Amino acid sequence: MDFHKETEEKGRLTDAEHYRASAEMHKQEVKATWSTFWTTGVFVLAALAVLFFIGLAWILSNSRVTGGTVSVGVQSNIVRLASKGYRQKAEMDSDMGLQDGTALDYNNDVYYYTEDGEIAMRLSEEYYVCPGARGSIDFYIIPVSNGARSVTLYFELDGYQKNESGKAVPVTDQPLEALLRGHILLFENYENGFYSGWLSDNYSDGILHNTITVTLPEDAQADVPYPCTIYWIWPKRYENIISHRPDKNDLFADNSDEFRDIFLPFVEAQASAENTGWIGSDYSCSSLFVSNIWPLEGAEDRSKAYNLADEYIGTNADYLYLTIRTSPQEENSTGEEGMGE
């Protein structure tokens, strides 16, 4: 018998049992302690943009371009990102200056795509985002040649505020960026009232990112739109992220391995004050909580800290701006995220 393997298996089992027991404990505590939810208002998902950064694409060849401090090679695009429907009223009212994109007529539907730069995402309805809201986002991948391929997409959610002239401008605030990633969650699947396939990826920078890899079929045809759907939810209360009720907008089913092995360890790490950023002199945050007392042991403290995080988001962001990219968002020479030169 492989003693080391047996020990590792027992270790993993012990961890899993610990996380499951911890989740059950928090669920019972939340049932016994009703936490009052407050927020500063309704937050609008002002625009969903499809971005393709020429200088930062995964698709490389011999020609050289420079983006910010990064020098890479780029070939002509093998896919286009597209959407159909209507532009968001809030996006146009906020004067973000997003473009229509290039129109493609296919099977009596008009799709709008980008090969580079930035366009406005089109949707079937207006999106208003607040704690407790949820929905889905449809977009399309259009290959420029026949055959199978895999494309990794990157989703970034940023906060924007209106300036004195009424134009929406990005908010440079690291706590806000961290909290947006932890409170507005993106998933690949939604079935029977529960989510799965959390679009999360922790890079070496220690920051939570949202990614998905889409594989087109062997018989994929050039200039044919292939649909993709992601699901989003802003859990209303801490209770919703650790409970498993089918009719309360909770995230994961009771038998979810993803909850036990991935999401609950993430919650526990956030409650222990890992990767915190300071808010003033007294409070700090993780991706889920804002608190002046760490670690957060009980459900009541976690509920209060989760609600404080929602309030921080609402106080510091007038709009939320989701982008879909074919490459990660890079930093420019000033250390800020951006498109580069």
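**Burial and ring pairs in a predicted model**

Colleague: Which residues in helix 3 are buried?

Modeller: The model is predicted: local features need pLDDT of at least 70 and side-chain atom pairs count only at pLDDT 80 or more, whereas totals for chains, interfaces and linings use all residues. Residues are numbered from 1 along each chain as its sequence is written, and side-chain values use heavy atoms, with hydrogens and water left out. Helices (H or I, at least four residues) and strands (E, at least two) are DSSP runs numbered from the N terminus, and buried means under 20% relative accessible area, exposed over 50% and partly exposed in between, with a 1.4 Å probe and protein chains only. In helix 3 the buried residues are Pro175, Leu176, Ala178, Leu179, Leu180, Arg181, Gly182 and His183.

Colleague: Why is helix 3 described as largely enclosed by the rest of the structure?

Modeller: Helix 3 spans residues 174–183. It is largely enclosed because the buried count among its 10 residues is 8.

Colleague: Why is the pair of Tyr111 and Tyr140 edge-to-face?

Modeller: A search of the whole structure finds 14 aromatic pairs. Rings of Phe, Tyr and Trp (its six-membered ring) pair if their centres lie within 6.5 Å; planes under 30 degrees apart count as stacked, over 60 as edge-to-face and the rest as tilted. The centres of Tyr111 and Tyr140 are 4.9 Å apart, and the pair is edge-to-face because the planes lie at 80°.

Colleague: How many residues apart are Tyr111 and Tyr140?

Modeller: Tyr111 is buried at a relative accessible area of 6%, and Tyr140 is buried at 12%. Tyr111 belongs to strand 7 (residues 109–114) and Tyr140 to strand 11 (residues 134–143), so the pair links distant parts of the chain, with a separation in residues of 29.

Colleague: Is Glu268 buried or exposed?

Modeller: Glu268 lies in helix 5, and its C-alpha atom is separated by 8.9 Å from that of Leu296, 28 residues apart along the chain. At 18% relative accessibility, Glu268 counts as buried.
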